[in-house]
Amino acid sequence: MRMMTLAALLCVPLAGCGEQAEDPRGVDRDEVLLQVVATGRADTRPDEARFTAGVQTIAATAAAASAGNNRVMSQVAAGLERLGVKPDDLQTRQITLGRIDYGPQRGQFQANNLVDVRLRDIAKAGQAIAATTEAGANVLSGPNMTVGDPEAASRSAYAQAYKAARARAEAYAAAAGLKVGRVLSIRDTGEGAPVPYYDSPPPPPVVRTMSVQAESGPPVRAGMNVSQVQVRADFALAPK
């Protein structure tokens, strides 16, 4: 009597003593697990332009270099504001002041001030660059074309990535004489921010020191940015 009771207790954790334990991967006994990694791409037109403008001032004293630099940078900011650039879209990047210890200007002082500019209207990028140089800026870097809402720009890339994973799963299933029975999981493995698309390697960033004022804005072309995302999807392939 005691032996029969012990046997009954041993059967409980085995779920009937005759049934197979569930596969931890989530597939049933007659299914095959398929793991697929696929990428998706979306081309998006940039809606913001960013560039860095600055002023380099050299004077006999530190006070004179700093005062002259501040005056010109205030003119640069005012010129940008007249084009509709908001104060929140101007961000000081670097301010330096130091003595020159070499060359023909040795013993004088050099002041530098760099500001990052964000333009929410790319059509005004050329005008904004011209406005900074006309106001006295003599250092320029950029522009860089960006997408204000990168998540929205990547949504179609997500859809493309999953469609590519599903199509690949269908191809594997057909080759094996099976069908895609279920989607077990979909994982986002990461994405890159929208970056400019080039048919050839992009040129290096340009930083120019200008000695003359620009009379008209340079032509600025927005082009297209590309977003690329990657997903991992697990499928259960089942008999047809």
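This is a predicted model: local features need pLDDT of at least 70, side-chain atom pairs count only at pLDDT 80 or more; totals for chains, interfaces and linings use all residues.
## The chain as a whole

Let us step back for the overview. The chain is built from four helices and nine strands. Read from the N terminus on, its elements follow the order α-β-β-α-β-β-α-β-α-β-β-β-β. The chain has 240 residues, and 32% of them count as buried. Its accessible surface comes to about 15,100 Å², and carbon and sulfur atoms account for 53% of that area. Among contacts with a separation of 6 or more, 85% are between residues 24 or more positions apart.

Now for the inside. The largest nonpolar core has 21 residues, and the members that touch the most others are Phe51, Val76, Leu80, Val117 and Leu119. Several elements each supply at least two residues of this core: strand E2 (48-59), helix H2 (62-82), strand E4 (109-119), helix H3 (125-134) and strand E5 (139-146).

Leaving aside neighbours within four places in sequence, Val76 is in contact with Val55, Thr132, Ala135 and Ala137.

Why is H3 described as largely enclosed by the rest of the structure? The reason is that eight of its ten residues are buried. Those buried residues of H3 are Ala125, Gly126, Ala128, Ile129, Ala130, Ala131, Thr132 and Thr133. They pack against E2, H2, E4 and E5. After H3 comes Gly136, which has a positive phi, near 120°.

## Strands E1 and E9

Strand E9 is another mostly covered element, with eleven of its 15 residues buried. E9 runs antiparallel to strand E1 (residues 32-44), and 13 bridges join the two. One example involves Leu34, whose bridge partner in E9 is Phe235.

## Leu97 in strand E3

Leu97 sits in strand E3 (residues 90-99). Is Leu97 buried or partly exposed? With a relative accessibility of 47%, Leu97 counts as partly exposed. Apart from residues up to four places away in sequence, Leu97 touches Ala62, Ala65, Ser66, Gln110 and Ala111. Ser66 is 31 residues from Leu97 along the chain, yet their C-alpha atoms are separated by 7.3 Å.

## Charged pairs

Side chains of opposite charge can pair when their charged atoms come close. How many salt bridges does a search of the whole structure find? The search finds nine.

| Residue | Partner | Closest N and O atoms |
|---|---|---|
| Asp101 | Arg99 | 3.4 Å |
| Arg166 | Glu170 | 3.1 Å |
| Arg187 | Asp234 | 3.4 Å |

In the pair of Asp101 and Arg99, Arg99 is exposed, because its relative accessible area of 51% is over the 50% cut-off.

Arg166 and Glu170 share helix H4 (residues 150-175), where they lie four residues apart, about one turn of the helix. Arg166 counts as partly exposed at 28% relative accessibility, and Glu170 is partly exposed too, with a relative accessible area of 36%.

Arg187 and Asp234 form a salt bridge that links distant parts of the chain: Arg187 is in strand E6 (residues 178-191) and Asp234 in strand E9 (residues 225-239), 47 residues apart. Arg187 counts as partly exposed at 35% relative accessibility, whereas Asp234, at 8%, counts as buried.

Salt bridges also come together as a network here, and its linked residues are Glu48, Arg50, Asp89, Arg118 and Arg120.

Notes. Residues are numbered from 1 along each chain as its sequence is written. Side-chain values use heavy atoms; hydrogens and water are left out. Buried means under 20% relative accessible area, exposed over 50%, partly exposed in between (1.4 Å probe, protein chains only). Contact means heavy atoms within 4.5 Å. A nonpolar core is a set of buried Ala, Val, Leu, Ile, Met, Phe, Trp, Tyr and Cys residues joined through side-chain atoms within 4.5 Å. A salt bridge is a side-chain nitrogen of Lys or Arg within 4 Å of a carboxyl oxygen of Asp or Glu. Two strands pair if DSSP finds at least two bridges between them. Accessible areas come from the Shrake-Rupley method with a 1.4 Å probe; for residues, only the protein chains shown count as cover.
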